[in-house]
Amino acid sequence: MFKLNRYAAKGVLLCMPIAAAMAPAGAAQAQAGSDARPTLTIAVNELARTLDPAAGNGTVDVRGYYSIFDTLIRRDFDHPEANGGAKLEPSLATSWRWSTPTTFEVKLRSGVLCHDGSPFNADDVLATFSAERLWGPDAYYAEGPAYFGTFKKVEKLDDMTVRFTTAEHDASLEQRLSSYMSFVICDEAWNKYRKDGVPAKVWMDEAAKALRFNPVGTGPYKFGSYQKNDHITLQAFDKYYGGKPAAKTVTFKSVPEVAARIAGLVSGEYDIAAEIPPDQWEGLGAYKDLTLKTVPQENSHVVVFNTNDPVLSDKNLRHALSLAIDRKALIDALWKGKTYAPNGYQLPSFGNLYDKDRVGYAYDPEQAKKLLKQSRYKGQEISYRLIPNYYLYNVEAAQILQEMWRAVGINVRIDFVDSFKDVRKPGIQMYAWSNTYRIPDPTGSLLILWGANSEVQKSSKVYTPTPAFNTLSQTLYTVGDPAQRRATYRKVLDIFEDDMPMTMLYNPATGYAMKKNVQWQPYSQYFMDFRPDNLSFGSK
């Protein structure tokens, strides 16, 4: 057993002492002129790489989507179901029902406007969920079929009614319509690029390029401006159906260093600082006009193993890499014991599907050494790619992992890269990734990220599963009986853990520091919701 101080994080930026006198005027002070609402400035580790809600689903991308776009159904993060699972409420849809086991009908909200002034109606839903855009065999967005591959038809019954037809009953469709890939786009902005006789991919390329940083949705804020590596600014959309937004503008400011985010918050330059690590939490208590909110995320930091790499194709080696990881030591050293490692690819919020007795990813260095001897591994260097500052503590975690692997006889080299495009360049062996449980169900988590239609199987091709994994996991979309679905999921997890295309580290606990006059509640996912019911200014 290693002593924990061997794993003390190296290079974590600490907040430098700053004068206790706080600047009287912050970024959220009232603005002059006819609109006296405050502005809101958020310091983030990295800006969204796109504002196209189907093109980028990384943790840094989704922050802004939740204010620009709406979904048909919304998840109530503040009031989960008592037995786990997500409570759903109306959004752009006022009601929904399964009219038959394979037809799902949605009644749309009237009186909603798009940011370009056009009225929201069924045409916007059809544009969003078209086969050519999301779910058909040649869908423009490659990740779309992983969400909506069960669709057979999406049709307009009238201006305010849409029917979705599925190949078989879809057990979690309502949940997926509340989450990633379900943000509704406005059809006029998208379809104006459509040209008769021009293949969908061609005109959609043009549309996606034009709208990447000029999105049009129905949310409480509309696009304002973007400057690469500097900021994204959103402007209040006062015709939002849910009421007038509390802030005149919302600006996401790129501030990669933790110390700079905190310093800017203290000086009044920022109103909220995101991604504040646990080693800063106690020190923030000294500032009387600041508050800290922490939320364990429905997101797991993982290490991906390329099962098709000549070296890592050896399953014994992959299991040895996983068994060498002391997750408690990682959590104690980096997260001050304030978070946890899931017991397998599941969360308690999965409700009936959750298996509390599952062991998950174990720590057993002696077994790791035994498996290593049985493997073909000959001590060669293995590459571990990661993007600095993308995930909180990912560099420090990599340094600790490197030492743990070395202790059992595995030689790993850390390779820093600039983007996920670089991560996935030829020669992939291992890389740092995070997996968000986009809904509390395997069809919105495991199957989205690792299933038959996932990027890791179809494009980067780092996971070639045991055939039974894809066959069995696909039935989770259609099995209705709770006991049968639970038993099926356990079998799927058994196969996945035996295949070992990845191993889990922990779920991060995200900290948000903010001015006390900012009344805002973060969620267990990386969405930042600035709707009128979740943002206000002044003391409560």
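This is a predicted model: local features need pLDDT of at least 70, side-chain atom pairs count only at pLDDT 80 or more; totals for chains, interfaces and linings use all residues.
Trainee: What is the volume of the largest pocket?
Mentor: This pocket is lined by 50 residues. By class, the lining has 20 nonpolar, 17 polar and 13 charged residues. The volume of the largest pocket is about 1,600 Å³.

Trainee: Which element gives the most to the lining of the largest pocket?
Mentor: The residues nearest the centre of the largest pocket are R49, A55, G56, N57 and D61. Two or more lining residues come from each of helix 14 (420-423), strand 16 (430-436), helix 15 (446-450) and helix 16 (455-458). The most, 4 residues, come from strand 16.

Trainee: Which residues lie closest to the centre of the second largest pocket?
Mentor: The second largest pocket has a volume of about 420 Å³. Its lining is made of 20 residues, and the closest to the centre are A171, F350, L353, D441 and R485.

Trainee: Which helices each supply at least two residues of the lining of the second largest pocket?
Mentor: By class, that lining has 8 nonpolar, 8 polar and 4 charged residues. The helices that each supply at least two of the lining residues are helix 5 (173-176) and helix 18 (482-499).

Trainee: Is Q175 buried or exposed?
Mentor: Q175 has its place in helix 5. Its relative accessible area is 18%, and the cut-off for burial is under 20%. Q175 is therefore buried.

Trainee: Which backbone oxygen does the side chain of Q175 reach?
Mentor: Leaving out residues up to four places away in sequence, Q175 touches A86, L88, I439 and P440. The side chain of Q175 comes to 3.5 Å from a backbone oxygen, that of A86.

Trainee: Which residues does the disulfide join?
Mentor: The count comes to 1 disulfide. Its S to S distance is 2.2 Å, and the residues joined are C114 and C186.

Trainee: Is the disulfide left-handed or right-handed?
Mentor: Handedness is read here from the torsion about the S-S bond of C114 and C186. That torsion is about -100 degrees, so the disulfide is left-handed.

Trainee: How many residues apart in sequence are the parts that the C114 and C186 pair ties together?
Mentor: C114 lies in the loop between strand 5 (103-108) and helix 2 (122-128). C186 lies in the loop between helix 5 and helix 6 (187-191). C114 is buried at a relative accessible area of 0%, and C186 is buried at 1%. The pair therefore ties together parts whose separation in sequence is 72 residues.

Trainee: How much space lies in the largest cavity?
Mentor: A search of the whole structure finds 5 cavities of 30 Å³ or more. The largest cavity is lined by 13 residues, with P53, I185, W190, L211 and V216 closest to its centre. By class, this lining has 11 nonpolar, no polar and 2 charged residues. The space in the largest cavity is about 110 Å³.

Trainee: Why is helix 8 (residues 258-267) described as largely enclosed?
Mentor: The buried residues of helix 8 are V258, A259, R261, I262, G264, L265 and V266. Their cover includes strand 1 (40-44), strand 11 (272-273), helix 9 (281-284), strand 12 (290-296) and strand 18 (509-515). Helix 8 is largely enclosed by the rest of the structure because the buried residues number 7 of the 10.

Trainee: Which residue follows helix 8, and what is its phi?
Mentor: The residue that follows helix 8 is G268. Its phi is positive, near 100 degrees.

Trainee: How far apart are the C-alpha atoms of A320 and G409?
Mentor: A320 lies in helix 10 (residues 315-323) and is buried, at a relative accessible area of 0%. Neighbours within four places in sequence aside, A320 is in contact with A368, L371, L372 and I410. A320 and G409 are 89 residues apart along the chain, and their C-alpha atoms are separated by 9.7 Å.

Trainee: Is K209 buried or exposed?
Mentor: K209 lies in helix 7 (residues 200-211). Its relative accessibility is 73%, and the cut-off for exposure is over 50%. K209 therefore counts as exposed.

Technical notes:
Residues are numbered from 1 along each chain as its sequence is written. Side-chain values use heavy atoms; hydrogens and water are left out. Buried means under 20% relative accessible area, exposed over 50%, partly exposed in between (1.4 Å probe, protein chains only). On a 1 Å grid over the protein atoms alone, a cavity is a set of points where a 1.4 Å probe fits but cannot get out, and a pocket is an open set with protein on both sides within 12 Å along at least five of seven lines; lining residues have an atom within 4 Å of a point. Grid points are joined across faces, edges and corners, and a volume is the space filled by probe spheres set on the points. Ala, Val, Leu, Ile, Met, Phe, Trp, Tyr, Cys and Pro count as nonpolar, Asp, Glu, Lys and Arg as charged, and the others, Gly among them, as polar. A polar contact is a pair of N or O atoms within 3.5 Å; within protein, one must be able to donate a hydrogen and the other to accept it, and residues adjacent in sequence count only if both atoms are side-chain atoms. Contact means heavy atoms within 4.5 Å. A disulfide is a pair of cysteine sulfur atoms within 2.5 Å.
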